[in-house]
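Reader: I am new to this structure and would like to learn how to read it. Please take the features in turn, with the general idea before the case.

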Amino acid sequence: NIDFKVFGKKVDNTLIFPDKSVPNTIMHVTILEDGVEVLRTGSVEMKQIFKFNQKIDGYYKNNMGLAFEIASFATEIEITENSILIFYEHYLENNWQSSNKLKILF
């Protein structure tokens, strides 16, 4: 388990806050009509899109030149007035890596 408490802001349907796991990186979490988009910008550039029961391609790049393709398959998405809960399967270069839970309270 990794747990971070950070201060951020909400602009329309997007939460913006620092990524405490990676220095100089900002998280942008956007609630979509049919899912959630997670973008990291800064030292790490990363994109994940979560839509129920869909495997969606994304990417990871860091400032050292490391880059690879990722994908996420959401098995559960729950969005409430003050939280986002996503259970998903994580793929790296099209190979299954792990089952994960992402929970954001705001």
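Author: Begin with burial, where buried means under 20% relative accessible area, exposed means over 50%, and partly exposed lies in between (1.4 Å probe, protein chains only). Thr-30 has a relative accessibility of 17%, so Thr-30 counts as buried. This is a predicted model, in which local features need pLDDT of at least 70 and side-chain atom pairs count only at pLDDT 80 or more, while totals for chains, interfaces and linings use all residues. Residues are numbered from 1 along each chain as its sequence is written, and side-chain values use heavy atoms, with hydrogens and water left out.

Reader: Where is Thr-30 found, and what is Thr-30 in contact with?

Author: Strands (E, at least two residues) and helices (H or I, at least four) are DSSP runs, numbered from the N terminus. Thr-30 belongs to strand S3, residues 25-32. Contact means heavy atoms within 4.5 Å. With neighbours within four places in sequence left aside, Thr-30 is in contact with Asn-13, Thr-14, Gly-35, Val-36 and Glu-37. A polar contact is a pair of N or O atoms within 3.5 Å; within protein, one must be able to donate a hydrogen and the other to accept it, and residues adjacent in sequence count only if both atoms are side-chain atoms. The side chains of Thr-30 and Thr-14 make such a contact, at 2.9 Å.

Reader: What is the order of the strands in the sheet?

Author: Two strands pair if DSSP finds at least two bridges between them. Here an open sheet of 9 strands runs in the order S1-S2-S3-S4-S5-S6-S7-S8-S9, with antiparallel pairing. Strand S1 (9-11) and strand S9 (95-105) each have a single partner strand, so one side of each is left without a neighbour in the sheet. On average, neighbouring strands of this sheet are turned by 20 degrees against each other, direction ignored. For such angles, axes are lines fitted to C-alpha atoms (for helices over the stretch in contact), and angles run from 0 to 180 degrees between N-to-C directions.

Reader: How many residues lie between the strands in the hairpins of S5 with S6 and of S6 with S7?

Author: In each of these hairpins, 4 residues lie between the strands. Strand S5 (residues 44-50) is joined to strand S6 (residues 55-62) by 4 bridges, and Val-44 stands opposite Asn-62. In the turn of that hairpin, Asn-53 has a positive phi of about 60 degrees. S6 and S7 pair over 7 bridges in the antiparallel sense, with Lys-61 opposite Ala-67. Gly-65 in their turn has a positive phi of about 100 degrees.

Reader: Which residues touch the most other members of the largest nonpolar core?

Author: In soluble globular proteins, nonpolar side chains tend to be buried together. A nonpolar core is a set of buried Ala, Val, Leu, Ile, Met, Phe, Trp, Tyr and Cys residues joined through side-chain atoms within 4.5 Å. Of the 13 residues in the largest one, Leu-15, Val-29, Val-36, Val-38, Phe-50, Ile-84 and Ile-86 touch the most other members. Strand S2 (14-18), S3, strand S4 (35-42) and strand S8 (83-92) are the elements that give two or more residues to this core. Apart from it lies another core, of 5 residues, among them Val-22, Val-44, Tyr-60 and Ile-70.

Reader: How many aromatic pairs are there?

Author: Rings of Phe, Tyr and Trp (its six-membered ring) pair if their centres lie within 6.5 Å; planes under 30 degrees apart count as stacked, over 60 as edge-to-face and the rest as tilted. The count comes to 2 aromatic pairs. One of them is the stacked pair of Tyr-60 and Phe-68, at 4.8 Å centre to centre with 15 degrees between the planes. Tyr-60 is buried at 19% relative accessibility, whereas Phe-68 is partly exposed at 24%.
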